[in-house]
Amino acid sequence: MSLLSVENLQVHYRTGAGTVRAVDGATLSVEAGSILGLVGESGCGKSTLGRAVMGVLPDSGRIAGGRVIFEGADLVAMTEAQQRAVRWRRLSFIPQTAMNALDPVQRLRAQMLEVLIERGGLNRATAQTRAEELFRMVGLDPVRLSDYPHQFSGGMRQRASIALALALNPAMVIADEPVTALDVIVQRQVLDVIRELQSRLGLAMILVTHDMAVVAYACDRVAVMYAGIVVEAGAVREVLERPLHPYTMGLTHAFPDVHGETGELVPIDGSPPSLLAPPPGCRFAPRCPFAVARCHTDVPPAVTSGDHMVACWRADEAPALRDLAAKTATWAAMDTP
Amino acid sequence: MTAVIEARALGKTFGSGRRAVHAVQGVDLSVAAGEALGIVGESGCGKTTTARMLLRLEEPTAGQVIFDGLDITHLRSRALLPFRARAQLVFQNPFDALNPRFTIRRTLAEPLRNFGIPEAEHAARIDAVMARVRLTPAAAWLDRFPHELSGGQLQRVVLARALIPGPTLIVADEPVSMLDVSVRAGILNLLRAARDELGLAAIYISHDLALIRYVCERTVVMYLGRIVEEGPTAALIAKPRHPYTAALVAAVPVPRVDQDRAALPIKGSLSDTPTGGPGCAFRDRCLHAFARCETETPALRVAGDSRRVACHLDM
């Protein structure tokens, strides 16, 4: 059984214009001790999904359906008290901006001790030792526990927020774009800390990112989201090297590789649909060069073969479509007013 | 090849005395017509300040900016107007670069009016620039407001606004960093096409070497306000001559499963910087530093095949 299974999750936001179905029937699973990359562009629902699992949705958002099974129990069906026993202890969170996890007017020691003593029930002396150990674990000098967050660089703050997330020995951590705001060298160093901790502590993770290269570097499995739905999932090598969904195919040709070819990049023109009133059928169909009539009317079911899941009517033709997807001409002229 | 723009010993110091911050020091560079130069480095390396000085949006405290052979370092507002039309900035964030109350047509007409282009030419110029950024037919877009466009479409308008006065130089600071991956490629392709077709000189500022490689033949790497290396982009990536460039290249994420995951060839963090005095600013993070690096600031020297490097080692 998976450590976490998200089944047909629905998350809605109330807005002045109506209900935004930010996550609209998303399904994925994470095995113990492995890192799942959750990728997609802004507005695809990846951060919302992560926040819903963690129970930190903004006030306007709510889980409108589906199940979140973590360590055998459904978080959605739990009372708040039951949820509190799981969240932060067994399941923890690293936000995109470390400043959101850290209190700017408290020294880091006070923040670490608060979590360890009040949530973790440790005594002061044990908590003190544990705080130092956590700092060393993420590559920070324990002397810096006496600092305020503003005395830290961006990379150090992100390390501190990782230490805070690991304080109570969780089985799983959800990291929301943990390296997006960092410079490349610091980004790589923080990813190395994450990989090292994951293998040493046997931690499971969902790493929410928009960057396929981050997935390739740090993740075991990947789930690709588009317009509120997981459209493809599988082992990273399988999905990157043999993508089955045209959106994933597009993404793999859409950005430059520093050591690879400098031939023309292939853009995916157009933009994701409004989630106030999503189109019928496949949500990618309006941007998809391979869409046929059925794609515009019927929702493609998720089909799994081995460990590789895809929701596309033309998945059987994927090898031929992959060749076409590498050509600019295939995607041209999709951007109509 | 004559340079469209040239920086000579360009410098910017904020504050003075003991609290002075040398944001940019001794920057020499030049860009010819039809050529694209990349400036890469991490936050705080001075790349954005350098670009702003080249565009005279920031006053240099040292050195000169030469545009088309003319020293423009100290020109004042009215005298700068012809330069303003010919050197254009492509803004980073398309979501706040455009006036939300202006239609696309008015957004594009505004610079024409500012630079005194006769009203009779406006419509033809607007149509031409809309075709160049592939927003066609123009009539379908021109009466829309920014909120009706996607990020990628807005960035095309931002590019159109920069191109419409007929510049010979464009400067783009992180031109796609605010955009989704799927639409970045479209903007980068337009930038490449505009540069090729119009023979523009272009300067791209980015922390992303992969992006720079895609659009620039030549690249300078900056570290703490100074150029540490310069060379043809492909050669600089294949064989870095400065230890900092080597770390920067190794850190670029690549979208492949099989890749080098060895520790980066760099230690410490940006805060590990010797303050004041002579010596190389990178020495405390360098895996190859030796005695001379403590006492003598390495000068930017020619290192064969159109490369320059500021390092005592010969990597």
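Predicted model: local features only at pLDDT ≥ 70, side-chain atom pairs only at ≥ 80, totals over all residues.

Colleague: What average pLDDT does chain B have?
Modeller: The predictor's confidence in each residue is given by pLDDT, on a scale from 0 to 100. For the model as a whole, the scores are ipTM 0.88 and pTM 0.91. In chain B, 99% of the residues score at least 70, and the average pLDDT is 93.

Colleague: Is A9(B) buried or exposed, and what is its phi?
Modeller: A9(B) belongs to strand β1 (residues 3-14) of chain B. Because 12 other C-beta atoms lie within 10 Å, A9(B) is exposed; a residue is buried if 20 or more other C-beta atoms lie within 10 Å of its own, exposed if 12 or fewer, and partly exposed in between, with C-beta atoms placed from the backbone. Most residues other than glycine have a negative phi. A9(B) is not a glycine, yet its phi is positive, at about 50 degrees.

Colleague: Where is L224(B) placed, and what is its phi?
Modeller: L224(B) is found in the loop between β9 (218-223) and β10 (226-232) of chain B. It counts as partly exposed because it has 19 C-beta neighbours inside 10 Å. L224(B) is a residue other than glycine with a positive phi, near 45 degrees.

Colleague: Why does T49(B) count as buried, and which residues is it in contact with?
Modeller: T49(B), in helix α1 (residues 47-54) of chain B, is buried because 22 other C-beta atoms lie within 10 Å. Although T49(B) and G225(B) are 176 residues apart in sequence, their C-alpha atoms are 9.0 Å apart in space. Two residues are in contact if their C-beta atoms, placed from the backbone, lie within 7 Å. Leaving aside neighbours within four places in sequence, the contacts of T49(B) are K12(B), A23(B), V24(B) and E58(B).

Colleague: How do α4(B) and α5(B) pack, and which residues make the contact?
Modeller: Helix α4 (residues 104-114) and helix α5 (residues 119-132) of chain B pack at an angle of about 120 degrees, with their axes 10 Å apart; axes are lines fitted to C-alpha atoms, for helices over the stretch in contact, and angles run from 0 to 180 degrees between N-to-C directions. The crossing of α4(B) and α5(B) is right-handed, whereas a left-handed crossing has the near helix turned anticlockwise from the far one by less than a right angle, and a right-handed one has it turned clockwise. The contact is made by R105(B), L108(B), A109(B) and L112(B) of α4(B) and H122(B), R125(B), I126(B) and V129(B) of α5(B).

Colleague: Which helix of chain A supplies the largest share of the side that touches chain B?
Modeller: The contact takes 37 residues from chain A and 37 residues from chain B. On the side of chain A that touches chain B, α7 (184-201), α8 (212-218), α9 (236-241) and α10 (246-253) each supply at least two residues. The largest share, five residues, comes from α8(A).

Colleague: At what angle do α7(A) and α11(B) pack, and what word describes their arrangement?
Modeller: α7(A) and helix α11 (residues 243-251) of chain B have axes 8 Å apart and pack at an angle of about 55 degrees. Angles under 35 degrees count as roughly parallel, over 145 as roughly antiparallel, 65 to 115 as roughly perpendicular and the rest as oblique. α7(A) and α11(B) are therefore oblique to each other.

How values were computed:
Residues numbered from 1 in each chain as written. Chains lettered and ligands numbered in written order. Helix = DSSP H or I, 4+ residues; strand = E, 2+ residues; numbered from the N terminus.
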